[in-house]
Amino acid sequence: MDLNKTVGKPISRLEGKLKVTGAAKYAAEYQADNLLHGYVVNSPVTKGKIINIDISGAMAIPGVIQVLSHENRPKLAWFDLQYTDMDAPPGTVFKPLHDENILYNGQPIALVVAEDFETARYASTQIRFEFEEKNFQTSLDQNIGEARAAKKGFATALKPPPPPPTGDFDEAFANAAVKVEAEFHHGTEHHNPIELFATTTVYEGPGKLTIYDKTQGTINNQLYVANIFGLRYKNVRVLAPFVGGAFGSGLRPQYQLFLCVMAALHLERNVRVVLDRKQMFSFSHRPPAIQTLRFASDINGRLTALGHRVLAETSNFEDYTEPTASWSHRLYPAPNTLFEQKVVPLDVYTPMDMRAPGGSTALHAIECTMDELSYKLKIDPLELRLINYSDMDPSSKKPYTSKALRACYLEAAERFGWDKRSPEPASMTRGNKLVGYGMATGIWDAFQFPARVEAMITSDGKLVLNNATTDIGTGTLTVMTQIAADELGLSIEEVDFQYGDSKKPFSMFQGGSAITSSTGVAIVIAAKALRKKLLKKAGEIPHSPFHKIAEEEVFFAAGQLCLKSDPGIFITLKDIIAFNNGRPIKTTNMGKPHMLKLRKYSLATHSASFVEVEVDKDLGVVTVTRAVTAVAAGKIINPKTAKSQILGSMVWGISKALHEETIMDTNLGKYINTNLGEYHIPVHADIGELDVIFAEEQDELINEIGTKGVGEIGLVGMPAAISNAIFHATGKRIYKLPIHFDELIG
Amino acid sequence: MNNFGYKQASNIDDAVTLVAASEKTSFIAGGTNLIDLWKYNITNPAELIDINHLNELSNIEQLENGGLRLGAGVKNADTAYHPIVEQKYPLLSKAILAGASAQIRNMATNGGNLLQRTRCYYFYDPEVPCNKRNPGSGCPAKDGYNRMHAILGTSEQCIAVFPSDMCVALAALDAVVNVSGPEGARSIPFKEFHRLPGDRPDLDNNLKKNELITSIDLPEKGFEGNYSYLKLRDRHSYAFALVSVATTFTLDGSIISDARIALGGVAHQPWRSFEAEQFLEGKTASEENFALAADLILKGAKGFGDNDFKIKLAKKAIIRNCLMALRPETQLPGAQPAA
Amino acid sequence: MLTETQDLKQTSAGSHTIDLTINGKHTTLSIEPWVSLLDCLRDHLNLTGTKKGCDHGQCGACTVLCDGKRVLSCLTLAVMKNGADITTVEGIANGEELHPIQQAFIDHDAFQCGYCTPGQICSAIGLLKEGKANSRAEVKELMSGNLCRCGANVGIIDAIMQVKDGGSYE
């Protein structure tokens, strides 16, 4: 390794000091003169109409400025298209305060604006509504008869429907030597970042706004606001330098943004709207799903048929789908396949991408079914995966740009001590505990979006980069700085990556584990152009040794441009800029995926998770005592922040397997555990020993930097590995998530 | 989340006088439940009477009868870590430390712990019916989602559970609650402090109007030899009990001479069965006898669907915790089942 | 720029005047009884390092040290803390020199989004002062009042264990 390179080094997060001292400011924390505070009122009714609103009680409270509802809101854009966003699924986008109709429980129906937060909050309880209630449907189980194919739209490109059947699945399954059929139930989950959704809108004058928003996409929300409120794009600036977690919930603009901007424009004042925790359950979520899997193999364990049918909730106004049904065939070859995916529209808000959407739900079912098959075959679960290992993508019949999954299996198995597993269920004990080992495979997409980066060398010889992306805690600032530093031969301290601002060059929203590849590639392209410009400028200096020197003959190191043939001949970047009269030398370039080349390949990251659980033999209490996840995700720019991404995903896997679920009371048509006391995410006491391995995976094809993304791959294998370990410990196969310990009472 | 007035009481009598000013005046001590309920718009005090600064409430002192008096204003953490409590009443210490979080235990007071409201989802949602919050409006929990709800002592009106851990130990230890009110001071045996819902689920306890808890007395007998607190919940810490058990024994060799078993998370109050405890007295401390005692404790237990598991779980938890009480050193942080 | 001790808000008739020492600075402010200590810090004193995650005592993000003990500022009324000595995350470092816990959090990558971090740090300092956690299991149990949705749990506990075992804290 080149000692001067920063890529590949475990550099601590560059914004770390700001975060540990409380200096990092999030959306609700920006001050503005005479700031007004908005508090949202949500519908207690699940479906129906608002018949009457009496705001007099609220307006009578000193300090209340305005109560906005569909009755008195300003005139807004009318067409659905104007409300749509980059991540909108097919259908009719939800328009807050649009009319009297109630589409789901918790729908925002009014905004109280007051001089201070406490007054707005109190006044929100003093508005009297009359509703006409209608019958509603909020139960997935009771409405599977309503299942239908999802409508198609823009989002279908990224989330295609399952491929057509291959072979003759029904016959193959019916006549198979060994087969498993199982139905899996997954509950609703809410993203629940610890930061509450919030927007602070600074009213800069007529038609001009600066907006601090909690989002994963500054430009997405800029366009949304400008389109709805009829503002010029350049007059709407959305900033999100720090985002307190999002996990997908910030991929679409949420209603506090709309309401805050509306109030600011209407009142011509600075306004802040912060949701409370209960309101964090009033928008997007991971949809509940019912999956039926039918896998068959020959007696040697070679898969002959893969069947996967998915029914998942959507709203009655948008058709959200998370690709779930076809993942098994991207891992395992089988001549006969049948994949189906349908939506069941209910009276709920539209579901939305939540960390590893589709994949984490699907792989749980797939890898538990594989596990069950392994017991039927009396083949070690890991061996069964290896028997069905494929270097190419069986579903598309294209080679992967890279696939180090085999190394993941073998390295993680060794680190974990898989060979110490006794094959029989309920055969390993430790005091009062049954001990189980389980493993599972993970696969996730390796996306890359187009991105633009402005790169410039300033008069102090430093590199400044600009891109609109956010850093939602993934380490984006740090890894982009590392990539850029190496490109120009600079130290970390000499690079200033500026981000989280819609005014900066384009970035898609930060999702799909794609930003390192997207903005990272754009940095490489921009850096290349910048090097060329610097060399050209250096060559223009009178008597310059770089005059008419080709790019191949120079290199950049230690803040200098040097001749390869004689590194003693150099010029500092600072001097080049000085020669440019102190004016920065800059370039703006686009990075984008090489669609033509990549069309011939399949693109994915892979993982293997191995888990040990202890299950109390009498009480069923489950502890994930240790887990190892090996990940193949191309080049790892920063092993420290990347490891944290995987560790965090593993905790999410524990949470999905054992803890978190939103409970819908289908009699009332509403979620009832809408708080962090009863929506259980793991606490420190739930987390055992977690270990991460990055398998060596050099990918020359995927993009200029060889990265494939690490935001989600660590999650997908964990729930199944935990479920499988619980089966191994107890002999009990639980076909739903989360697994409640009482289902394992001895 | 209404606006309210605020006064500091200067002594117990002053506090009792101030709180009588209106129907909607409340005491505030730690505030960990009251502020929570106020922010959910479930309680709307007109005025809060702050009793945090009352020296009379803030001591832990030994009683002449050999017992220990816990001031109502002493914080839960200070009680749990008090040397005498740790040594002589380790069951109480363990139970307190199994509840809430370190921060909340630093705030919550002993008196307030007794007055926690249920964590029933429906009680906490002012938009839906609840007989406890709004008498006569109905109980959606019975036909709704009732994983956390009661299996013992329920009524047609209410199946809520009382959420405290500390009180499960206090029940097992036969504590006494001392109160002061407009009609003077009185003492309430712990088993008579909380109540079952019956047809008045709005009442959690038998405190009279405007009475203030001043202290809690522990009897001399602390059961420092054989005790255990076990708490079963949906994560290993910082969650309310689905089932918890406090057990203490006095042993004469392997023969039980005094047994106390109290359950949490199963009823509207900490649940004790004197029949079961009497059954164990004079018997060998064996798994078989613990199982028979568990059956007696759970006699009449009834599930409502999602909480049916609690009957089976409670039985196993009682047996396990009795075994753990024989070897108190096996207890784990967070009152998890012994390894 | 606003100074830390300047009240950003107008006061009303029901206000009480209270004295607080916040991060070593004496502050007198007029506050309504229904303002939580958390909102007082964030909205009135512009000390936004203390975070609001649930406002109901269920996440720990609002943890501050009050007279040296870790408490939840969201469930505390500011008026109740008249005369108290409050330390928030902004007052943990000694000038530019980070507290060992802060440095250990950076070294162990004990956060991602950073939003729960101030609460975790205040809670960890409270935990070390209490001196009740002797093992890793006890540290985990006694830190369980602080949720981390990014799943930085391993780094957080590693950071605390390092400082605890190193003894390099007050």
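Guide: The model shown here is predicted. A compact globule of 746 residues would have a radius of gyration near 27 Å, and chain A agrees, since its own value is 27 Å. Taken along the principal axes, the box filled by the C-alpha atoms of chain A is roughly 80 × 75 × 50 Å. Within chain A there are 18 helices and 31 strands. Of the 746 residues in chain A, 63% are buried. If one considers the contacts in chain A between residues at least 6 apart in sequence, 82% of them join residues at least 24 apart.

Helix H9 of chain A, residues 359-377, has 19 residues. From its first C-alpha to its last, H9(A) reaches 26 Å, close to the 27 Å expected at 1.5 Å a residue. This helix is mostly covered, with 17 of its 19 residues buried. Just after H9(A) comes Lys378(A), which takes a positive phi of about 55 degrees.

Buried residues account for 59% of the 339 residues in chain B. Among the contacts in chain B between residues at least 6 apart in sequence, 64% join residues at least 24 apart.

We may now turn to chain C itself. Its domain assignment gives domain 1, residues 4-91, and domain 2, residues 100-166. Taken over C-alpha atoms, the centres of these two domains of chain C are separated by 23 Å. Where the domains touch, 15 residues of domain 1 of chain C are in contact with 13 residues of domain 2 of chain C. On the domain 1 side, strand E3 (63-66) and strand E4 of chain C each supply at least two residues. The largest share of that side, three residues, comes from E3(C). By residue type, the domain 1 side divides into six nonpolar, six polar and three charged residues.

Chain C also meets chain A, with 51 residues of chain C in contact with 48 residues of chain A. On the chain C side, at least two residues each come from helix H1 (37-44), helix H2 (100-107), H3, H4 and helix H5 (153-166) of chain C. H5(C) gives the most to this side, with five residues. The residues of chain C that touch chain A comprise 24 nonpolar, 15 polar and 12 charged.

Finally, the contact between chain C and chain B takes 27 residues from chain C and 23 residues from chain B. The elements of chain C that give two or more residues to this side are strand E4 (69-72), helix H3 (117-130) and helix H4 (136-142). The chain C side of this contact divides into 11 nonpolar, 10 polar and six charged residues.

How values were computed: Residues numbered from 1 in each chain as written. Chains lettered and ligands numbered in written order. Predicted model: local features only at pLDDT ≥ 70, side-chain atom pairs only at ≥ 80, totals over all residues. Buried ≥ 20, exposed ≤ 12 C-beta atoms within 10 Å, placed from the backbone. Contact = placed C-beta atoms within 7 Å. Helix = DSSP H or I, 4+ residues; strand = E, 2+ residues; numbered from the N terminus. Nonpolar A, V, L, I, M, F, W, Y, C, P; charged D, E, K, R; others polar. Expected span 1.5 Å × (residues − 1). Domains from an automatic or database assignment. Rg over C-alpha atoms; globule rule 2.2 N^0.38 Å.
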